[in-house]
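Trainee: Can you walk me through this one? I'd like to start with pockets, then move to charged pairs.

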Amino acid sequence: MPDDLMNSYMTGPDETGRFGIFGGRFVSETLMPLILELEAQYEHAKTDPSFWAEMDDLWKNYVGRPSPLYFAERMTEELGGAKIYLKREELNHTGAHKINNVLGQILLARRMGKERIIAETGAGQHGVATATVCAKFGLKCIVYMGATDVERQAPNVFRMKLLGAEVIPVTSGRGTLKDAMNDALRDWVTNVRDTFYCIGTVAGPHPYPAMVRDFQAIIGKETRWQLEEQEGEGRLPDTIVAAVGGGSNAMGLFHPFLDDKSVNIIGVEAGGHGVDDRMEHCASLTGGRPGVLHGNRTYLLQDEDGQILEGHSISAGLDYPGIGPEHSWLHDIGRAKYVSITDTEALEAFQFCCRTEGIIPALESSHALAHVMKIAGDLPKEHIIVINLSGRGDKDIFTVAKHLNVEMKI
Amino acid sequence: MTRIDDTFARLRAEKRKAFVAYMMGGDPDMATSLEIMKGLPGAGVDIIELGLPFTDPMADGPTIQLAGQRALDGGMTMAKVLEMVRAFREGDATTPIVLMGYYNPIYSRGVERFLKDATDAGIDGLIVVDLPPEEDSELCLPAQAAGMNFIRLATPTTDDKRLPAVLTNTSGFVYYVSITGITGSAAAQAGDVAPEVARIKAQTDLPVIVGFGINTPEQAQSIASVADGAVVGSAIVKQIGEGKPVAEVLAFVASLAEGAHKG
């Protein structure tokens, strides 16, 4: 093996689906044959030019890609340091990065002859994206959503229903994203023969973490050429920052830059009420330890007996006790740095972005913005930061209003 | 030879089918749970499957999910499940105990420490739902090396090509999951199960026990008649969940055992 390949961070996972010790295929036997079939189909599609031609066409004409890389001038001025760019994933059709991955998985499902699509959703963005693409292709769509989230993300629930999806509120456990994923897995194991499970993040059994990453990597690939266009040939970002729940928007931005050693990579976890032993946060890397859940080994919020904890975040999309296994690996080997941001800090960043740039960001993305607010002022003006603005915040205005003690009448 | 192997040797000699009963460790509380467990052999149970509670039981239906939640809410832990097993073993040295659950609580304790503690307590076999053959190096191989049986699930989606991989490191018995689905689902039909059991038996000498979707003595009899035995879980757990007195639960178990033994 040539030296440069040996030193590459981009070759994972191995044939057992592992990034270091993380990842794997921890699922029941009923699902195993299907997972192996999915892996084979994906391996085939990955190198099939007609698959990517179809993706490119849909990305361009249906999603509206490439999403702009936007120089946030007033934000940069106000923070008084590094030059800040926003990767505008919130401008995609359906308002977030989620659709990048959904299109890829639905094309695969069609190739596999599956006509029933199931998905889990937290904030509802992945559910909306899945319902959208299913409507476009005339596929049956069932979305599992925690009952708590159904309540706090009502506009997205209505959107999914308009798009023809059936939304099933999940009451088991505490009714959040983790429980929605459990029930989606229960559905899958029951209807394994005709059903495709469209996972929304870079987690789950192999090949999902790698497959979802590959579909989201369009974010980082575009960022690379777009920055060169604006800053000159060969100019790389100095720092790239993204919010991390399961971690798909972050992995999509990070992956194409993993081997560019000069690029600082920062993932921002949901610190909720603060990362301490009250465990009222969703910072799996900064406040959890390795375990096995939902098909993969990764950092998890858990008690000393290996029981999974619920965590807390103001943002439904980050409210998950785990994280994609590749992030766990990048964290352990030190290639990426992971920090946390509290609910309060995210709320401040949300308002700051509205005020300085005329962009209402998702609460998820506001976590990434909040970290940049902390570091940008101390960095030189020629230092370039790219933030993944993974979603728009229209869905969050009710939550934000509540926290700002504003009463909204609808 | 483990207690499981001994039990099947005895059943073969007696020309009887096996009855396996599942219960959740610590449901509704540890004392009641232990009392039920101690009564199972007398009710005709040949092998006890003891559930290890977990917050996220992805292969289980609502009945067993709720049982796990009750146990956890009552303060049940891995240590207390092992304590239950030790207490049971004080009065019963022969009935095999298979611990059934999910990998994370075991991984969290550390595989080596878990195997030592579980063996010392008197556990004979393991069924870990989220460990397929692809992950054998995690727990299956260390468990076999520690003298414990590792019982694998075979399912309707396990085709002939895959079956050898599923059987390779299995010991004790093969647990055939009669339906694609979660525990406590619709009834399995003996007519569908019989050819599947035959298909598995063509490739292994291990006993094949059938579970999932068996709720009545009649079903236990008809399924056992086409296999080496039957497992009932959710139907028993449901009675415990309804707060039935221990004697009533055990009487129901005895009726199931009688059905399976007739099979």
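Predicted model: local features only at pLDDT ≥ 70, side-chain atom pairs only at ≥ 80, totals over all residues.

Trainee: What volume does the largest pocket have?

Mentor: About 420 Å³. Its lining has 21 residues. Those nearest the centre include Arg174(A), Glu310(A) and Gln69(B).

Trainee: Which elements give two or more residues to that lining?

Mentor: α9 (177–190) of chain A and α3 (62–73) of chain B. By class, the lining has 5 nonpolar, 8 polar and 8 charged residues.

Trainee: And how much space lies in the second largest pocket?

Mentor: About 230 Å³. It is lined by 13 residues, with Phe398(A) and His403(A) among the closest to its centre. α17(A) gives the largest share, 4 residues.

Trainee: Switching to charges. How many salt bridges are there over all chains?

Mentor: There are 46. In one of them, Arg297(A) pairs with Glu138(B), with the closest N and O atoms 2.4 Å apart. That pair crosses between chains.

Trainee: Are those two buried or exposed?

Mentor: Both Arg297(A) and Glu138(B) are buried. They also belong to a network of salt bridges with Arg18(A) and Glu135(B).

Trainee: Which residue meets Lys374(A) in a salt bridge?

Mentor: Glu345(A), at 3.1 Å from N to O. Lys374(A) sits in helix α16 and Glu345(A) in helix α15, 29 residues apart.

Trainee: Why does Glu345(A) count as partly exposed?

Mentor: Because its relative accessibility is 24%, and buried means under 20% while exposed means over 50%. Lys374(A) is partly exposed too, at 45%.

Terms used: Residues numbered from 1 in each chain as written. Chains lettered and ligands numbered in written order. Heavy atoms only, no water. 1 Å grid on protein atoms, 1.4 Å probe; cavity = no way out; pocket = protein on both sides within 12 Å on 5 of 7 lines; lining within 4 Å. Points joined across faces, edges and corners; volume = space filled by probe spheres on them. Nonpolar A, V, L, I, M, F, W, Y, C, P; charged D, E, K, R; others polar. Salt bridge = Lys/Arg side-chain N within 4 Å of Asp/Glu carboxyl O. Buried < 20%, exposed > 50% of the residue type's maximum accessible area, 1.4 Å probe, protein only.
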